[in-house]
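Have the sequence and the 3D view open as you read.

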Amino acid sequence: MNKYEIIKNIEQFAPKESAEPWDCVGFEVETSKIDVSKIMLCLTVTDNIIQQAKSQNCDMIISHHPLFFVPLEWADIDIYSAHTNLDKAKGGTTDTMIKVLGFESDNKLEHEYLRFVTFDNSILLDDFIQKLKEISPNLRYVNNKSVSEIKRIAFCAGSGSEFIKDAQQFGADCFVTGDLKFHTALDSNIVVVDVGHFESEILVLPVLKDLIGNNVEVVFADEKSPFNY
């Protein structure tokens, strides 16, 4: 299949121009080969991922995280990344996490990065934490105010500590993200849950697979969080 047709499908869903100005989305490596027959999907391209792709005869790698430096030895395989544009897209990274958890986004609340879930009645925090453990058994959380019930939850897959004040301004009493910083945790007036950067974003890869379609073989890389617990 023509690789540019594949990328067209992805960019219709997550427009490249919606990415942050600092973000290196798009082709990280663009070879002269036009047609691809097998694609590897991954969260982050590493030497190990490159070797996996080559050993499985993949023509192309599509990742979520971009590359800011491309080693010369990686220059013989197409590599494409959809990062902050995929985060912002409706149905993208954060929306996928919410869907996998069995919740629905509150469409009345709009924020560039955050998504919200609002319950008609408050739910127990302990029950919500147990639900989150389905996607992240080793999560950690902060509850400085000893909250027992929550009603509105803000979500941001990946690294979202910077949006905690936005979450509060939108009336969230709980914020779920993938990278929680120490001082953010220390100062937080709302419950903040760190489910892990990897765990919050790996869920979006099947969405990319659906966008690619059935005219090319797609395989998922064997990757895991770098952290041991």
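Predicted model: local features only at pLDDT ≥ 70, side-chain atom pairs only at ≥ 80, totals over all residues.

Numbering starts from 1 along each chain as its sequence is written, and side-chain values use heavy atoms, leaving out hydrogens and water.

**The largest pocket**
- The largest pocket has a volume of about 380 Å³.
- Among the 25 residues lining the largest pocket, His197, Phe198, Ser225, Pro226 and Phe227 are the closest to its centre.
- Helix α8 (197-201) and helix α2 (47-55) each supply at least two residues of that lining, and α8 gives the most, with 3 residues.
- By type, the lining residues split into 8 nonpolar, 10 polar and 7 charged.

**Asn144**
- Look for Asn144 in the loop between β6 (140-142) and β7 (149-156).
- Asn144 counts as partly exposed because its relative accessibility is 41% (buried is under 20%, exposed over 50%, partly exposed in between, with a 1.4 Å probe and protein chains only).
- Leaving out residues up to four places away in sequence, Asn144 touches Ala185, Leu186, Asp187 and Ser188 (contact means heavy atoms within 4.5 Å).
- A polar atom of the Asn144 side chain lies 2.9 Å from the backbone oxygen of Ser188, and one lies 3.4 Å from the backbone oxygen of Leu186.

**Helix α9**
- In α9 (residues 205-212), the buried residues are Leu205, Val207, Leu208, Leu211 and Ile212.
- Those buried residues fall within an arc of 155° seen down the axis of α9, so they line one face of the helix.
- Just after α9 comes Gly213, with a positive phi of about 90°.

Conventions:
Helix = DSSP H or I, 4+ residues; strand = E, 2+ residues; numbered from the N terminus. Arc of directions from axis to C-beta. Polar contact = N/O pair within 3.5 Å; in protein donor to acceptor, adjacent residues only side chain to side chain. 1 Å grid on protein atoms, 1.4 Å probe; cavity = no way out; pocket = protein on both sides within 12 Å on 5 of 7 lines; lining within 4 Å. Points joined across faces, edges and corners; volume = space filled by probe spheres on them. Nonpolar A, V, L, I, M, F, W, Y, C, P; charged D, E, K, R; others polar.
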